[in-house]
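Below are some notes for a colleague who is looking at this entry. Please read them with the sequence and the model open.

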Amino acid sequence: MDSIRKPAIAPTSYTFRVAQGVWINDMRDSALPNRQWPCVELDRQARDGLRASFRLQAESGFNSVTLFGLLTASLWSPDIPHTVSPERVEMVRTILAEAHAFGLKVLYGLGVYSWGFDHIIVQDAAVRGDNPRAMCGTRPESRQWMQRVVDYLLAEFAFDGFHLEAADLGRCNCTTCSCESDTAYYSRLNAETAATIRRASPDAVLMVNMCGYLPPGTTVPRNDWPHLQALSKELDFLIDPGHTAPFIEPSLRRQFVGSLSCALGTSGGVWVYPPQRWQRLRWFIPYTQRTGRHLEALHADGGRAVEYYMGPTRNPGVELNVAFGGRKLAGVGRDNQDVLLEVIDELYHPRTTAAASDLAAVFEEAEAAFFANYQLRPETSDETPGQIHLTPLSGRRPGPPIYLRDSMAAPGRLDYCRRLQALLPDLDRLATQCRSGGRIARIRRCIRSVLGEQA
Ligand SMILES: [Zn+2]
């Protein structure tokens, strides 16, 4: 492993600076055409994409990474160790060793009662409630299956911790389970699973992501806070991701943080989430200004954890967002413009300070042009718009650019494209003023792809 340069960690930094993979092929630098999301094929290109992302994460200041799909997406075999081939087990161990060599902790993305149990639910009637993708949350047999998966993972792999997720595919609503509120139900399953892991592995980093806990746009009622407070006793941190809006009312966040026994955080305020089958240079959405402001506000409220979305490093907008986000997490008090200029210096090697600031202006204008025209959902804010879908996740065809067609009105789309087009002459000029001309060429390819969607 050749040496890498890591940024200094400032006193005002986030404790848990987590790169959220999410799925192993989300960081892949080539698309997987015609493949249904989430594709968990683990081939050479998947490994190369992970390695490139690990390097960028470590060099940017992240201290851990969450990975879903190393072993399965939704299909644990009832004979758990036979879920994957011996070759895949070895590949996973190699990937773990590579992440460790970069100084990153690896959190295994673990579905809790869901995301993994589809076969088991078909085969074992005892765990079957009313949801074919989630085991019943009140049967002892369900808890035993969860335990078997945890035992296997702890026995076979050197994961440093677990990202626990119970709510993404919904819950069981059988007559017994439906007595509990969503927050009570998911928090109980997460807490039980975390406690099981903690007993066997006291040093494991344990966190829960609340993705799917409640219907979009709704918040956890105050009388349900005790369920999250009890859960927090089993965790290192809790993530209220903010796909559409936070589940904890933002004006109460500071008070909520003070009531927990673990750290609290978000997914960074804004992120782009394309399926693995989408071409990697098809979009260009830098968002460092919004990220910078969100991370400052969250830290001021007492937030000390962020699970920050990754993507293909080859996309220059993704690369910039990751490089910026890691540095900001490692030094929240730093000026956002200074961080952006440092990232541009590291990645693009501009020959003059004028070229550096001109390139910074290109990224800032691309961000401003996008958010000036992207229609936010009513429950989101311009500062924290949450998850931006470029195309529907499901399906095998690449899919249309819904972020342009559905989330922008025709005049807005025109304005966005005009403003992106106006950046092309600047990029032509900057290509000769930066030593990393290949990255400039990729920005141009991204912008031309977006302009091509207009046709
Ligand atoms: Zn049930």
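The points below go from the sheet to the helices and then to the core.

1. This is a predicted model. Its barrel is closed by eight strands, which follow the order S1-S2-S3-S4-S5-S6-S7-S9 with parallel pairing. On average, neighbouring strands of this sheet are turned by 25 degrees against each other, direction ignored.

2. One of the pairings joins S1 (residues 16-23) to S2 (residues 64-68), in the parallel sense and over four bridges. Opposite Val18 stands Ser64 of S2.

3. Helices H1 (residues 44-60) and H9 (residues 316-330) pack with their axes 7 Å apart, at an angle of about 35 degrees. H1 contributes Leu56, Gln57 and Ser60 to the contact, and H9 contributes Glu319, Val322, Ala323, Gly326 and Arg327. By class, three of these residues are nonpolar, three polar and two charged.

4. The largest nonpolar core has 130 residues, and those touching the most other members are Val65, Met207, Phe237 and Leu238. Leaving aside residues up to four places away in sequence, Met207 touches Leu107, His163, Leu164, Leu235, Asp236, Phe237, Leu238 and Ile239.

5. Ala194 is part of helix H5 (residues 182-200). Is Ala194 buried or exposed? Ala194 counts as buried because 25 other C-beta atoms lie within 10 Å, where the cut-off is 20 or more. With residues up to four places away in sequence not counted, Ala194 touches Leu164, Leu206, Glu234 and Leu235. Between the C-alpha atoms of Ala194 and Leu231, the separation is 8.6 Å, and the two residues are 37 residues apart along the chain.

Technical notes. Residues numbered from 1 in each chain as written. Predicted model: local features only at pLDDT ≥ 70, side-chain atom pairs only at ≥ 80, totals over all residues. Pairing = 2+ DSSP bridges. Helix = DSSP H or I, 4+ residues; strand = E, 2+ residues; numbered from the N terminus. Axes fitted to C-alpha atoms, helices over the stretch in contact; angles between N-to-C directions. Contact = placed C-beta atoms within 7 Å. Nonpolar A, V, L, I, M, F, W, Y, C, P; charged D, E, K, R; others polar. Core = buried A, V, L, I, M, F, W, Y, C linked by C-beta atoms within 7 Å. Buried ≥ 20, exposed ≤ 12 C-beta atoms within 10 Å, placed from the backbone.
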